[in-house]
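Biologist: I am new to this structure and would like to go through it with you, one question at a time. Could you show it to me before we start?

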Amino acid sequence: MKRCAVRCERFALSAQSSTLTARTEAQSRTGFRLTICDAQGHAGVGEAAPFPGYSRETAEQCHASLNALEAPLQTLLCAEEVSSFSQWQHVVPQLRLGEHAASAAFAVETAVIDLCARRGGVSAHRWINPGARTTRIAVNATLDLRASPASLRSQMAAYAQRGFDVFKLKVGHPDWSWRDERARLELARDVLGDDATLRLDANGVLSPRDLPHRIEIWRRAGIAFVEEPGPVSQWAPIRDAGISVAADESLACAAHRSRIVDERLADVLVIKPAMLHGITGAWALAQRAAALDMRVVVTHLFDGPVALAACRALAFALPQPPLACGLDTHEGLAGWPPGCGVALGEGPVLAPNESLGLGCCGEPHS
Ligand SMILES: [Mg+2]
């Protein structure tokens, strides 16, 4: 590729919901949109937006990484005619993405994949895996158990009416006891019926003191798995009791990630490309999980529209279909500035994007 141009725009995003995770009270967020244009007029777009309280890097560290990666990225793209994902996997270690902010690395890879897929005349998921076969991916609905019973009941009924049958319930808020959550879980089963899949997400905050009570409640409620119930050291007794555990936040740390996979300390891996330094890292983790008979869920970090499209592209590219994913649209998307025109379908079931690249049709590609 001849010399390409790299542009980075910074955005102040509007306030995010404060109820999204048990440990995040994000009120403001900064995002970056990265555009790479080649000499032939093709362009690829990526997005980075560290999630305060969740991401391991700050917005300033992300920005610094984006700046630091610009020159080596240009050098790499000038030297290599990247025509396939396998070729990209071969050369991307030159960028040492793992040493940079994870969200910045994700934005760089997203932009490269969008650009290369457009040049190749295919959609992003087909560029990542030309043999991709998945034609539908279910997405889960996410509910915060702190809502009042009446509100929770009407939210669940509305989702069920739309056809959702996988529900992720946020648990573990410090103001709530296991007794409060027991009542809400019983309500969920009552409203959704026995066929609905119930998952719990504790974002790593549950106290070991209450675990015996919680395990009994979870067993009675027939939950599919609990995401990140607490420190990894607490997962064994939960799994020994017959409750599956999904690793999420722990996967952001390379050392923890290796240990969780190598020692098979979880049943399910929650794959967030924005936490795993991009698509290549997420792909490798999903492949490793498949080899070990671990299931995966692909999800976003309440990312922008382009980043969400990239997460969906990864999910549809995987040779082994993921479980129902956390890839539905979300309220935070409204805070991202317009410009990319990504058409994002909504749940309960997604179809793959078959437009060029990530499906962006706005100004950066015109
Ligand atoms: Mg989670």
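Biologist: At roughly what angle do the axes of helix 3 and helix 11 cross?

Modeller: This is a predicted model, in which local features need pLDDT of at least 70, side-chain atom pairs count only at pLDDT 80 or more, and totals for chains, interfaces and linings use all residues. Residues are numbered from 1 along each chain as its sequence is written. Helices (H or I, at least four residues) and strands (E, at least two) are DSSP runs numbered from the N terminus, while axes are lines fitted to C-alpha atoms, for helices over the stretch in contact, with angles from 0 to 180 degrees between N-to-C directions. The axes of helix 3 and helix 11 (residues 305-317) come within 10 Å, and they cross at roughly 75°.

Biologist: Is helix 3 roughly parallel or roughly perpendicular to helix 11?

Modeller: Angles under 35 degrees count as roughly parallel, over 145 as roughly antiparallel, 65 to 115 as roughly perpendicular and the rest as oblique. With the axes crossing at roughly 75°, helix 3 is therefore, relative to helix 11, roughly perpendicular.

Biologist: Which residues of helix 11 make the contact with helix 3?

Modeller: Two residues are in contact if their C-beta atoms, placed from the backbone, lie within 7 Å. Helix 3 contributes Phe 106, Thr 110 and Ile 113, and helix 11 brings Val 306, Ala 307 and Ala 310.

Biologist: In what order do the 3 strands of the open sheet stand?

Modeller: Two strands pair if DSSP finds at least two bridges between them. The edge strands, each pairing on one side only, are strand 1 (5-13) and strand 3 (43-48). The order of this open, antiparallel sheet is 1-2-3.

Biologist: Why is strand 3 described as largely enclosed by the rest of the structure?

Modeller: A residue is buried if 20 or more other C-beta atoms lie within 10 Å of its own, exposed if 12 or fewer, and partly exposed in between, with C-beta atoms placed from the backbone. Ala 43, Val 45 and Glu 47 on one side and Gly 44, Gly 46 and Ala 48 on the other are all buried, so that both faces are covered. Strand 3 is largely enclosed because the number of its residues that are buried is 6 of the 6.

Biologist: Which strands stand at the edges of the open sheet of 7 strands?

Modeller: This sheet has parallel pairing and the order 5-6-7-8-9-10-11. Each edge strand has a single partner strand, so one side of it is left without a neighbour in the sheet, and these two are strand 5 (141-144) and strand 11 (295-298).

Biologist: At about what angle does helix 10 run to strand 10?

Modeller: Helix 10 (residues 279-291) lies across strand 10 (268-271) and strand 11. Among the buried residues of helix 10 are Ile 279, Trp 283 and Ala 286. The direction of helix 10 makes an angle with strand 10 of about 170°.

Biologist: Which residue with a positive phi follows helix 5?

Modeller: Helix 5 (residues 149-162) has 14 residues and reaches 20 Å from its first C-alpha to its last, close to the 20 Å expected at 1.5 Å a residue, the expected span being 1.5 Å times one less than the number of residues. The residue that follows helix 5, with a positive phi near 105°, is Gly 163.
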